[in-house]
Amino acid sequence: MKSVYLAFRAAVLHFLDDPDNDLESPHLEYFPDGILLTHQGYIVELGAAEQMLASLPADCELIHYPDHLLIPGLIDTHIHYPQTDMIAAYGEQLLQWLETYTFPTERQFADKAHAREVAEFFLDELLRNGTTTALVFGTVHPASVEAFFEAAEARNLRMIAGKVLMDRHCPAYLQDTPETAYTDSKTLIEKWHGRGRLSYAVTPRFAPTSSREQLAKAGELLTEYPDVYLHTHVAENHAEVAWVADLFPESRSYLDVYQQYGLLRPRAVLAHCIHLDAEDRACMATTGTAAAFCPSSNLFIGSGLFDLHLTKEADVRVGLGTDVGGGNYFSLLRGINDAYKITQLLGKKLSAFQALYLATLGGAKALYLDDKIGNFAVGKEADFVVLNLKATPLLTRRLQHCQSLHDQLFAILMLGDDRLVTASYVMGKAAFKV
Ligand SMILES: [Zn+2]
């Protein structure tokens with residue numbers, strides 16, 4: 001019989017709190033030769049191998065990863081699974097990109113068999129990239145969410161998803177109504193929210209594609225089910241912001257549209273948040289609303305530069321997202337790479353500690369899941385990633401010239417992508433292995 005205790009030996013790094021850009025006291029624990037001990041999928045202990053080896057439970061199975069770094073599972077706070085097949089589409093910015101590529105692709109998700117096949121591929125790809133939790137858009141079709149949750153449940157993944165609400169300004173074949181948006185979402189919430197490791201997100205696509213009546217229905221759902229999520233987009237692109245100003249002249253700002261319908265609250269997560277002002281950021285902070293910073297898609301569809309510093313200084317929770325298919329890769333390591341460059345273009349800094357925090361414990365806080373995932377605190381769920389520090393000749397060579405832990409981690413993040421991921425573990429079990 002297999003042991004219920006599993007011990008993983010490697011270099012281990014995780015965050016205890018937000019390191020900001022402080023290189024001196026970055027609120028982390030690092031063990032160059034550490035052991036992470038798990039029991040039936042939960043974290044039991046973390047420490048130096050030297051100390052822990054002698055006291056491991058007698059029936060413990062020890063899995064050794066020399067030349068590897070073990071970090072908490074990466075958390076993607078904004079991604080669209082139905083857009084997997086249109087990733088890397090040429091030449092358009094947001095509104096034309098939706099018309100040209102997104103809507104025709106999403107149409108196919110009326111077919112549950114198709115949705116199921118894409119969901120399986122999507123989850124494989126997340127795990128291959130070290131992402132163990134994500135906040136995920138479905139399509140307008142309830143079947144798209146059924147298929148996604150069934151696939152995620154079979155793998156015991158901690159996932160959040162929802163059916164898109166969209167009753168105007170899109171092709172008729174993708175439209176719901178305020179009433180069906182409400183009843184279909186309600187049915188999905190009753191079936192899936194809180195089932196195993198799954199949670200539901202009420203998911204209006206964005207303000208332009210929902211009528212006032214539909215936004216009010218979304219607010220009703222949140223009142224009825226206060227612990228579900230709200231997942232949407234805000235202030236991504238200048239043309240979009242101008243359109244919202246035309247459509248909702250009664251609102252002070254784009255963000256204020258959501259505030260007026262009671263959508264801003266803890267567990268509300270807004271993708272992009274690029275073109276906001278100080279009053280908007282203050283509103284997000286006071287309502288407990290989180291921002292999903294999506295560097296790849298912001299660059300890929302030319303939307304703009306998210307100011308991480310202004311957002312964090314306003315005390316807004318921030319996580320990282322890939323926004324596939326507006327983003328052109330699944331890897332949050334690559335996302336960190338682009339986040340660093342965006343920050344540089346704004347004349348500011350993003351430390352390796354801050355960047356990895358955003359993809360782990362910071363993401364967990366943005367999703368209000370930091371009591372369950374995000375670091376290796378005792379009692380948390382054992383979702384983690386094993387990174388190969390000799391994955392490429394260049395990485396191997398660069399890591400021989402490091403002066404500090406920060407230097408080492410920065411090189412890993414800037415040179416890293418899916419090639420580094422040796423294994424992704426979900427509740428202590430290998431869900432992906434090279
Ligand atoms: Zn998006």
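A residue counts as buried under 20% relative accessible area, as exposed over 50%, and as partly exposed in between. With that scale in mind, and remembering that this is a predicted model, select Glu 150, which at a relative accessible area of 25% is partly exposed.

Now widen the selection to Lys 112, Glu 120, Asp 124 and Arg 155, which together with Arg 116 and Glu 150 are linked in a network of salt bridges.

Next, colour the whole of helix 4, residues 142-154, whose 13 residues reach 19 Å from the first C-alpha to the last, close to the 18 Å expected at 1.5 Å a residue. Its buried residues include Ala 143, Val 145, Glu 146, Phe 148 and Phe 149, and among the elements that cover the buried residues of this helix are helix 3 (112-128), strand 6 (131-137) and helix 5 (178-192). Just after helix 4, stop at Asn 156, where phi is positive, at about 60°.

**Helix 2 and its bend**

Move to helix 2, residues 94-107, which spans 18 Å from its first C-alpha to its last over 14 residues, close to the 20 Å expected at 1.5 Å a residue. Where does helix 2 bend? The bend, of about 35°, is at Tyr 101, and a proline, Pro 104, follows within four residues. If you show side chains here, Leu 94, Trp 97, Leu 98 and Phe 103 are among the buried residues of helix 2, and the buried residues of this helix pack against helix 7 (238-247).

**Two further salt bridges**

Arg 252 lies in the loop between helix 7 and helix 8 (254-260), while Asp 280 lies in helix 9 (residues 278-287), so the pair ties together parts that are 28 residues apart in sequence.

Then select Lys 390 and Asp 67, whose side chains meet in a salt bridge at 3.7 Å, N to O. Lys 390 is in the loop between strand 14 (384-388) and helix 15 (393-398) and Asp 67 is in strand 4 (residues 61-72), so this pair ties together parts that are 323 residues apart in sequence. Lys 390 is partly exposed at 47% relative accessibility, and Asp 67 is partly exposed at 44%.

**A buried loop residue and a surface patch**

Turn to Val 316, in the loop between helix 11 (308-313) and strand 13 (317-320). Val 316 is buried because its relative accessible area, 5%, is under the 20% cut-off. Leaving aside neighbours within four places in sequence, its contacts include Arg 281, Met 284, Ala 285 and Thr 311.

Finish with a surface view of Leu 299, Leu 305 and Leu 345, which make a nonpolar patch of about 270 Å². Of these, Leu 299 sits in helix 10 (residues 295-300) and is partly exposed, with a relative accessible area of 39%.

Technical notes: Residues numbered from 1 in each chain as written. Predicted model: local features only at pLDDT ≥ 70, side-chain atom pairs only at ≥ 80, totals over all residues. Heavy atoms only, no water. Helix = DSSP H or I, 4+ residues; strand = E, 2+ residues; numbered from the N terminus. Buried < 20%, exposed > 50% of the residue type's maximum accessible area, 1.4 Å probe, protein only. Contact = heavy atoms within 4.5 Å. Expected span 1.5 Å × (residues − 1). Bend = angle between axes of the 7 residues up to and from the residue. Patch = residues over 30% accessible without salt bridge, like charges linked within 9 Å, V, L, I, M, F, W, Y side chains within 5 Å. Areas by Shrake-Rupley, 256 points an atom, 1.4 Å probe, with all protein chains shown as cover. Salt bridge = Lys/Arg side-chain N within 4 Å of Asp/Glu carboxyl O.
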